[in-house]
Amino acid sequence: MNKVRVEDSAMEIKCNVAKSVARYLEDKYGRERADEIIAETGMSPEFLQADNHWISYDYFCRLLKKLVEVTNDPNAPYLASRLYTDKASYRGLGVFITHLGSPETTFQLIPKFHTFWTKVNEWYVSEMTANSCKISVKYTRSKPDRNNCLNIRGGLTSFPRNFGLPFATVTELECACDGAEACVFGITWKNRPKRLWGFRFFSVGLVVGLAFFFALKDLILARIAAFALFSWVGYCMGRIMDHRNELDQVYEQNEAQATSLLEYLRTAEKLNAELQQRVAERTAELSRANEALQNEIEQRKQTESQLTVTNEK
């Protein structure tokens, strides 16, 4: 791993955020060229890929600027975040977001959890409805950057996709780069249809019930009973299918969560081992330095003793 400058590794932006840029470059130019581009910004590609690492906001802005220069596309920060803000980039956090159940819940909780990926701004939600909201991003510790605004908009666009839904429509209503107090994003999205199978099977049962209703011409009670029975049975079968689909989604989310937890445990174990190795190496260095210092002190004492003896003569 190449050496990373201390000022570039400040705890301001989680590397998961920058990982979308790395993946965009990799898919566009290949892994080797992507690593070269990242290295040209003064960053280690290996450091940038680590889930638990942080980078400075200043470096992240430099990375986005480099992305625009290399691709010759001013919209590249938006595209990178739009296409790659997913569970593959955010790992455990991405699984957690998906586990919230809906885009509405996710957008509602952003102000409480945004510090998991950024320390340089504050996020606020207003005007929340079932399929729309407004989110304000206020820069408190740094100056706003146009490329970063594009990157945020792309990430907000991608949230519904984690639930198997189309991309959200995000419009930047106000921008701090233009002198506004905060960047304000208007967001709309499509929700997953509820009780889809229940409605379908109810419709089938309704059609079958109507067929029996008109077939049993002389049996009025039987006609009514058949119509009601088939409609009810169809609805119940559909609801059973809906519940099975919901359970399948829960099982998938739990499996992904367990996998992510195992990955974090392995990462923590690796980091612990690396930390222990660094402590051991540092301890050895201090021991050697202390030994050298003691030897120097002894040599000086001997030299002083010799000088004392010489002066007495």
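This is a predicted model: local features need pLDDT of at least 70, side-chain atom pairs count only at pLDDT 80 or more; totals for chains, interfaces and linings use all residues.
## Surface and overall make-up

Residues are numbered from 1 along each chain as its sequence is written, and side-chain values use heavy atoms, with hydrogens and water left out.

Of the 313 residues in the protein chain, 35% are buried. Here buried means under 20% relative accessible area, exposed over 50%, and partly exposed in between (1.4 Å probe, protein chains only). The chain has 10 helices and 6 strands, taken as DSSP runs numbered from the N terminus (helices are H or I with at least four residues, strands are E with at least two). Among contacts between residues at least 6 apart in sequence, 68% join residues at least 24 apart; contact means heavy atoms within 4.5 Å.

## The open sheet and its helix

Let's turn to the sheet. Four strands form an open sheet in the order β3-β4-β6-β5, with antiparallel pairing; two strands pair if DSSP finds at least two bridges between them. The edges belong to β3 (121-126) and β5 (169-174), and each has a single partner strand, so one side of each is left without a neighbour in the sheet. From one strand to the next, the twist averages 25°.

Strands β4 (residues 132-139) and β6 (residues 183-188) run antiparallel and are joined by 6 bridges. One place to look is Ser136, whose bridge partner in β6 is Val184. Helix α7 (residues 103-113) packs on the sheet and touches β3, β4 and β6. The direction of α7 makes about 145° with that of β3, where axes are lines fitted to C-alpha atoms, for helices over the stretch in contact, and angles run from 0 to 180 degrees between N-to-C directions.

## Salt bridges

The structure holds 14 salt bridges, each being a side-chain nitrogen of Lys or Arg within 4 Å of a carboxyl oxygen of Asp or Glu. One of them joins Arg33 and Glu40, at 3.4 Å from N to O. Both partners are partly exposed: Arg33 has 31% relative accessibility, and Glu40 has 46%.

Another links Asp178 with Arg146, whose closest N and O atoms are 2.9 Å apart. Asp178 lies in the loop between β5 and β6 and Arg146 in helix α8 (residues 146-158), so this pair ties together parts that are 32 residues apart in sequence. Asp178 is exposed at 59% relative accessibility, whereas Arg146 is partly exposed at 43%. Elsewhere, salt bridges with shared partners join Arg5, Glu7, Asp8, Asp58 and Arg62 into one network. Within this group, the side chains of Arg5 and Glu7 meet at 3.8 Å, N to O, and Arg5 is partly exposed, with 42% relative accessibility.

## Phe60, a buried residue

Phe60 sits in helix α4 (residues 57-71) and is buried, at 1% relative accessibility. Leaving aside residues up to four places away in sequence, Phe60 touches Ile13, Val17, Ala18, Val21, Ile55, Asn148 and Asn151. The C-alpha atoms of Phe60 and Asn147 are 9.7 Å apart, although 87 residues separate the two along the chain.
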